[in-house]
Amino acid sequence: MNWIPFEPLYKERVWGGRNLETFLGRKLPQNQVIGESWEIVDREETQSTLKEDPRRTLRQLIEEDPEGVMGPGWTAERRFPILVKWLDCQERLSLQVHPPASVAPALNGEPKTENWYIAKSATGAGLLVGLADGVSREQFEAALKDGTLESCVHRCEVEAGDSILVESGRIHAIDAGNVILEIQQNSDTTYRVYDWGRVGLDGNPRELHVEQSMKSIDFDDYEPDPLRAPVGDVELANCKEFRIQKFELKSGDASIILDAREDARLLHVVSGRVKDKLTGVVAEKGDNLFLPYHSGFELEAVNAATFLLTDQFTEYPLSS
């Protein structure tokens, strides 16, 4: 079987723009500021549909052959555990947190660990991730009340190729000027603690979740730094929820061989074009593809390409 592409689901966001059109060559809905493209998703309220047959969903694909598609022991009702998005952040996002697994059930939320791969970054753009060194919970609460919260959060500038793991409980925001590939747990729980005095698309202030945020923030998480644009093949993230590897190939390099019945995987092309030597099918920059458990692949570059592989996500125990 070939790898499986899905139709993107575009989401208008107050902080979005049109970079997914100019940077990825996508055709976006007109007259909208698109902040997110949900590339692969299996949720009750939102489903990816197959590009080759829009009548079929990712959920149906799993239900038809759960062990063949996902691996041994996978049940038909169990959700696909990863959600993949492109983010176009043309204004700063809210300061937010996702609840750790230890507190999420009590808050009626879902834990969400995510990884950000910076695909494009304007000069001087950055990330706000973790607390500034030495900031206490009491200082954070005081700054929240007087509107000086930015001084409590660690900010670092980034450039294309940087990557950072944002685990549940880590306070964070994305600066304006970044296009990011976000690979995350299948969760849609975000608690906004601060929104810079901004109003939403409807002209009203957006909802904040201060109480839930204060119960979720890890107040021992100080000044994490991104992995700085590593050259060559390298592991970007390895946590209990998933592993992400980056590969750089040029024409004539040895193929990356992915054996069948080894693991279910995701392929993310961040530059250039990638071909499966076994089928001749080509993936373009911006594509996010599902590589089922029962299929093997032999990946090679068309001229030159950089791509990510996400795997080891079927072992993490998730509820259906």
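Reader: Which residues are linked with Glu36 in a network of salt bridges?

Author: Arg13, Lys85 and Glu182 are linked with Glu36 in that network. A salt bridge here is a side-chain nitrogen of Lys or Arg within 4 Å of a carboxyl oxygen of Asp or Glu. Before we go on: this is a predicted model, where local features need pLDDT of at least 70, side-chain atom pairs count only at pLDDT 80 or more, and totals for chains, interfaces and linings use all residues. Residues are numbered from 1 along each chain as its sequence is written, and side-chain values use heavy atoms, with hydrogens and water left out.

Reader: OK, so where do arginine 13 and glutamate 36 sit?

Author: Arginine 13 is in strand E2 and glutamate 36 in strand E3, 23 residues apart. Strands (E, at least two residues) and helices (H or I, at least four) are DSSP runs, numbered from the N terminus. The two side chains meet at 3.5 Å, N to O. Glutamate 36 also forms a salt bridge with lysine 85, at 3.6 Å; lysine 85 lies in strand E4, 49 residues from glutamate 36.

Reader: Is lysine 85 buried or exposed?

Author: Buried means under 20% relative accessible area, exposed over 50%, and partly exposed in between (1.4 Å probe, protein chains only). Lysine 85 comes out at 3%, so it is buried. Glutamate 36, at 8%, is buried too, while arginine 13, at 25%, counts as partly exposed.

Reader: What is the strand order in the open sheet?

Author: Strands of a sheet pair through backbone hydrogen bonds, either parallel or antiparallel. By the rule used here, two strands pair if DSSP finds at least two bridges between them. This open sheet has 6 strands in the order E2-E3-E4-E11-E6-E9, with antiparallel pairing. E2 (9–17) and E9 (163–166) stand at the edges with a single partner strand each, so one side of each has no neighbour in the sheet. Between E4 and E11 there are 8 bridges, and aspartate 88 has valine 179 in E11 as its bridge partner.

Reader: And the nonpolar core: which residues touch the most other members?

Author: In soluble globular proteins, nonpolar side chains tend to be buried together. A nonpolar core is a set of buried Ala, Val, Leu, Ile, Met, Phe, Trp, Tyr and Cys residues joined through side-chain atoms within 4.5 Å. Phe80 and Phe290 touch the most other members of the largest core, which has 37 residues. Strands E3 (34–40), E4 (82–89) and E11 (178–185) are among the elements that each supply at least two residues of this core. Apart from it lies another core, of 21 residues, including Tyr191 and Ile217.
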